[in-house]
Amino acid sequence: EAGRLRWGLLPGSWARDGARTLINARAETLDEQPAYQESFRDRRCLIPADGFYEWRDDEHRKQPVWISRRDGEPFAFAGIWAALPEPGAEPVHSCAIVTCEPNEVVRAIHDRMPVILEPEVERTWIAPDGDPAALLELLRPTDEEALEIREVSDAVNDVRQDGPHLLAPPLRLF
């Protein structure tokens, strides 16, 4: 089913008031880390996206870049979710994006990347009776030829900014 999840996993088994949320979950330890085990086993999800930001170290600053599929199509990140009970209220539903080692394109920018699932394995990832070993095999870097990276405006650094203008190329004065 489709629904809204708060980004930043709050695993019900150990989260407390003021607990730090877990925005990313390492694929290599999903089945070992207590914070992720239950969600990996029972609550896997798809997080739809059309790209993601990273920041590349340039000579004098960090340059924001937009990473998306070369064909412009939307995709799904592998995700896990949790429901944290709230006394007298609805549970807080939260999620984390699963990350893996980067492919060669992303490695030049960052040491991790989100797991982008191919459409043909999305149902396998969210199937309730998934074999843990087979699921872990799905968590690998996307083929670098499927991705493109382009510089975008520094406006993405301002959390008050939102909208398609954020994907505009940066304005260069030199």
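Predicted model: local features only at pLDDT ≥ 70, side-chain atom pairs only at ≥ 80, totals over all residues.
Let's start with the open space. The largest pocket has a volume of about 1200 Å³. Its lining is made of 31 residues, and those closest to the centre are W7, C45, I47, C95 and I97. Several strands give two or more residues to this lining, among them β2 (24-26), β4 (52-57) and β7 (89-100). The largest share, five residues, comes from β3, which spans 44-49. Sorted by class, the lining holds 19 nonpolar, six polar and six charged residues.

**The salt bridges**

Now for the charged pairs. Side chains of opposite charge can pair when their charged atoms come close. Across the whole structure, a search finds 11 salt bridges. Here are three of them, with the distance between N and O atoms:

| Pair | N to O distance |
|---|---|
| R43 and E38 | 3.4 Å |
| D71 and R69 | 2.7 Å |
| R112 and E101 | 3.3 Å |

How exposed are the partners? In the second, R69 is buried with 17% and D71 is partly exposed with 45%.

R112 sits in the loop between α2 (104-107) and β8, and E101 in the loop between β7 and α2, so the pair ties together parts that are 11 residues apart in sequence. R112 is buried, with a relative accessible area of 9%, whereas E101 is partly exposed at 39%. Both belong to a network of salt bridges that also includes E28.

Conventions
Residues numbered from 1 in each chain as written. Heavy atoms only, no water. 1 Å grid on protein atoms, 1.4 Å probe; cavity = no way out; pocket = protein on both sides within 12 Å on 5 of 7 lines; lining within 4 Å. Points joined across faces, edges and corners; volume = space filled by probe spheres on them. Helix = DSSP H or I, 4+ residues; strand = E, 2+ residues; numbered from the N terminus. Nonpolar A, V, L, I, M, F, W, Y, C, P; charged D, E, K, R; others polar. Salt bridge = Lys/Arg side-chain N within 4 Å of Asp/Glu carboxyl O. Buried < 20%, exposed > 50% of the residue type's maximum accessible area, 1.4 Å probe, protein only.
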